[in-house]
Amino acid sequence: MVFVDEAQNTPNTFSVRDVLDCLHRDTQGIPLITAFFGLSDTESMLVKRGLSRPARRRVFSLEMLSEDDAKCAIQSVFDVYGFNGSGHEDWIDALAGLSQNWPQHISSVSFAAGQVIRDHGGKLNRGLLSKVLHLGQEMKEEYYASRLRTCTQDLSVYKRIAIALNEQTDGTLSRSKLRRLTAPLLQNSTTFDDFLSNALHVGILEEKPKVPQYFRIPIPSFGDYLRALLDD
């Protein structure tokens, strides 16, 4: 098994295309399976690099976890580090709520909890929970800010999209509606296709699974963050 993380950043070079072609077509009798992990544009990036026609039912979009699974994941962190004390279930509930059951945020809030608990002797108490939630919220916003720093357009473009998505019953916009919405806002040198490719690549938008050409913001609280951005 070969695992490739951040696969959406796979370079488009001859050497990479040769390796992918080898993994895809001719492993010379080696029972080898390659697994690629990345953002929502990973499949299209791999297609452009020659890895076309993935096996049926072998492309999966990671959705939010269930509430029970999110709590279980956070609980497992507490178990590994031996964190215990008063109000244990309240901690798990509050951290899962802050994470919105999103894997990246589950990691962030668990890290925040570990840091605060470690700095206070390794024990839980109700007085520390507010500190953990504050740090967890900061880490969520740092993640969003890091995503936005790699965007090609003014932040007002993404705020406008987040507002428009929030007005839709199903929280999605078609490609044609996105084009009409962003046309007056894009910088002169940027085509809509380039804009959309970047928005997918950095994780602000994703194509809705099983509904081609419809797009949404994958993390609900990311939409909240974008809508709260200050106007220019």
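Arg-49, in this predicted model, is in contact with Thr-10, Pro-11, Asn-12, Arg-17 and Leu-20, once its neighbours within four places in sequence are left aside. Arg-49 itself lies in the loop between H2 and helix H3 (67–81), and with a relative accessibility of 10% it counts as buried, because the cut-off for that class is under 20%.

The aromatic residues form a second topic. A search of the whole structure finds nine aromatic pairs. Among them is the pair of Tyr-144 and Phe-222, whose ring centres are 4.4 Å apart and whose planes meet at 10 degrees, so the pair is stacked. Tyr-144 belongs to helix H6 (residues 126–148) and Phe-222 to helix H10 (residues 220–227), so this pair ties together parts that are 78 residues apart in sequence. Tyr-144 is buried, with a relative accessible area of 2%, and Phe-222 is buried as well, with a value of 0%. Elsewhere, ring pairs link Phe-78, Tyr-81, Phe-83 and Trp-91 into a cluster.

On the surface, Met-1, Phe-3, Ile-33 and Phe-37 form a nonpolar patch, and together they have about 470 Å² of accessible area. Phe-37, a member of this patch, lies in the loop between strand E2 (34–36) and helix H2 (42–48).

Lys-210 is found in another loop, the one between strand E6 (206–207) and strand E7 (214–216). Lys-210 is exposed, with a relative accessible area of 86%, and its C-alpha atom is separated by 43 Å from that of Asn-84, a residue 126 places from it along the chain.

The table sets out the relative accessible areas of the residues discussed above.

| Residue | Relative accessible area | Class |
|---|---|---|
| Phe-222 | 0% | buried |
| Tyr-144 | 2% | buried |
| Arg-49 | 10% | buried |
| Lys-210 | 86% | exposed |

Terms used:
Residues are numbered from 1 along each chain as its sequence is written. This is a predicted model: local features need pLDDT of at least 70, side-chain atom pairs count only at pLDDT 80 or more; totals for chains, interfaces and linings use all residues. Side-chain values use heavy atoms; hydrogens and water are left out. Patches are made of residues with over 30% relative accessible area and no salt bridge: like charges are joined within 9 Å, nonpolar side chains (Val, Leu, Ile, Met, Phe, Trp, Tyr) within 5 Å. Accessible areas come from the Shrake-Rupley method with a 1.4 Å probe; for residues, only the protein chains shown count as cover. A salt bridge is a side-chain nitrogen of Lys or Arg within 4 Å of a carboxyl oxygen of Asp or Glu. Helices (H or I, at least four residues) and strands (E, at least two) are DSSP runs, numbered from the N terminus. Rings of Phe, Tyr and Trp (its six-membered ring) pair if their centres lie within 6.5 Å; planes under 30 degrees apart count as stacked, over 60 as edge-to-face and the rest as tilted. Buried means under 20% relative accessible area, exposed over 50%, partly exposed in between (1.4 Å probe, protein chains only). Contact means heavy atoms within 4.5 Å.
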